[in-house]
Amino acid sequence: MLRPAILATALAAAFPVSADADLDALRAELKQMKSSYEARIQALEARLQQADAAPAPIAVQADAAPQQGTAAGNRFNPDISLILQGKYAHLDDIEHRQISGFLPAGHDHGAPRGFSLDHTELVMSASIDPYFRGYFNLALLDEEVAIEEAWFQTTALGHGVSLKGGRFLSGLGYQNQQHPHAWDFADNALMYRALFGEAYGNDGVQLKWVAPTDLYMELGAEAGRGANFPGTDRDSNGAGSYALFGHLGGDVGASHSWRAGLSYLHSKAHERDSELEDIDGVHAETLFSGKSTTWVTDLVWKWAPDGNASERNFKFAAEYFRRSERGSLLCEDNTSAGGACDGSDAAYRSRQSGFYAQGVYQFMPRWRTGYRYDRLDPGAVDFGANSAFLPVSEYKPARHSLMLDYSPSEFSRLRLQYSQDKSMENARENQWFVQYIHSLGAHGAHAF
C-alpha cells in the first residue's frame, strides 16, 4: 500500500486541480485513507499479540463427537517401516560353529549356508502425547518371531533427563544399540558374538542424562530382568542385571567429530546352559551359576570434508571388552557316545577379553568400502575339579573382513563381503557374503 504523502503527490501530478474546494476534498479523502491504514495495522498487531499469548491447542479426546474423530485419527500417525534383509553365504560345511575358548553366548543369528532371509524387521514409532514417545521392533526370522524392542520414553522431564521403560537394547558400548540393518558389515563382530550372541537387550528401565554443555556428555543407568546372556531368567523379584554407561563427544573443526565411552554390566546367572567338547571330543552340557561382570570401552571417529558427508566420508570404530565370571559349573555328558563329564559341579572362574577395530570409507557418492579386524583372548579359565574333563584353550580367535557396498538410494543397499575366519581352532575358513537391505516406509535416522 502506498504511503499517503506519496499517493497525494502522485494524484496531484496526475489530476491537476485549480479550485480550493477540490483540494480540500482530496485532502479529506487522503486523511480518511490514512486513518483506515493505521487502523488495519493496529488490528494486525493485536491479533499477533493474541496468538503469542494463546495456550497450545488441546488434543481431541478419545470420546469426542463423531465429526471430530477424523481430526483425532490424523494426529496419531506412527512411522511404520519394514526392513527387508537377506543374503547368500558361501561357507564351509561345519556342523558346530563355536568361538574357541568361550562358552556359547545366547542366540546367535549366524547365517546358514546358501540363500536365506537374514533379518526382516517391522518397526513402528510415534509420539504418544506431549509427554511420551513409543517404539516397537519385531524381528522375523523364518518361523521365529521375536519382539526385539518395545518401549516408551519420556520427552518432557527437562534438564536433559529421560526415562525409558520396557524392552530395549542396552546403551552400553557403541554397536550394541544398532540393529543388523545398520551394521557396516554383513555379520556382527566376534566380540559381540562372544559377549551376547548378538546384542544385549533387557526388560527394565533406563535413566539417562545429557549435560547442557558444549562438550557432549551422556550418563546412563539401567536395571532389568537380566534374562539374556550372560545372565538367565531367575523368575524372582528385583533386578537380575545392572548397567552403567557414560559417553563424551564433540567436534574437531568443521570436518571431524568423535565419541568415546565406558560401560559396565553386572548380571546373575542360574544354571546357564551351553555345550563344550570334553577331552574325549564328546559334546557335553554345562550349567553355570554365578556372577558375570563386563567392562566395555568404545571410540568412534568420523570425518567428512567441511561436514558434508554426501560425497566422501570416513568412520573409524573400535571397542574393547573385559569380562570376569565367578561361580560354579556343572558338566554332564549328554550323548550316547559316552564322554568324560560325569555330572560334577565344581568352582569356575574366568577372565577374558577381546576387541574389534574397523574403518569404513565412502570414496564417492553411494559407494563404500571397509575393513574390520577381530581378535579375542580366552584369557585365564579355571574349571576347578572339572579341569580333568574339560580342556582349557589358549587359542586366540581372529578374523579379517573386507566389504564393498553400493546404495542406490538412502532406502536400499547391496553389499559384497569376504572374511578370513579363524575363530575356531584348527579351522581356517574363507567366507563370502552377498547381502541386500531395503527399507520400506518411514524410518528414523540412526544414531551417531
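Arg 349 is found in strand β13, where strands (E, at least two residues) and helices (H or I, at least four) are DSSP runs numbered from the N terminus. Arg 349 is partly exposed, with a relative accessible area of 48%; here buried means under 20% relative accessible area, exposed over 50% and partly exposed in between, with a 1.4 Å probe and protein chains only. The model is a predicted one, in which local features need pLDDT of at least 70 and side-chain atom pairs count only at pLDDT 80 or more, while totals for chains, interfaces and linings use all residues. Residues are numbered from 1 along each chain as its sequence is written, and side-chain values use heavy atoms, with hydrogens and water left out.

On the surface, Arg 349 gathers with Arg 322, Arg 326 and Arg 351 in a patch of positive charge. Patches are made of residues with over 30% relative accessible area and no salt bridge, like charges being joined within 9 Å and nonpolar side chains (Val, Leu, Ile, Met, Phe, Trp, Tyr) within 5 Å. The elements that give two or more residues to the positive patch are β12 (313–333) and β13 (342–364). A negative surface patch is formed in turn by Asp 273, Glu 275, Glu 285 and Glu 332. Of these, Glu 285 has its place in strand β11 (residues 283–303) and is partly exposed, at a relative accessible area of 30%.

Charge pairing comes next. Side chains of opposite charge can pair when their charged atoms come close. A search of the whole structure finds 17 salt bridges, each being a side-chain nitrogen of Lys or Arg within 4 Å of a carboxyl oxygen of Asp or Glu. In one of them, Asp 298 pairs with Arg 259, and the closest N and O atoms are 3.4 Å apart. Asp 298 lies in strand β11 and Arg 259 in strand β10 (residues 256–277), so this pair ties together parts that are 39 residues apart in sequence. Asp 298 and Arg 259 are both buried.

Another salt bridge joins Asp 374 and Arg 372, with 3.3 Å between the closest N and O atoms. Asp 374 is buried, at a relative accessible area of 0%, and Arg 372 counts as buried at 2%.

Arg 415 forms a salt bridge with Asp 405, the closest N and O atoms lying 3.4 Å apart. This pair links distant parts of the chain, 10 residues apart, with Arg 415 in strand β16 (residues 412–422) and Asp 405 in strand β15 (residues 398–409). Arg 415 and Asp 405 are both buried. Through shared partners, salt bridges join Asp 184, Lys 315, Arg 368, Asp 405, Arg 413 and Arg 415 into one network.

Terms used. Accessible areas come from the Shrake-Rupley method with a 1.4 Å probe; for residues, only the protein chains shown count as cover. Lys and Arg count as positive and Asp and Glu as negative; His and the chain ends are not counted. The place of a charge is taken as NZ of Lys, CZ of Arg, CG of Asp or CD of Glu.
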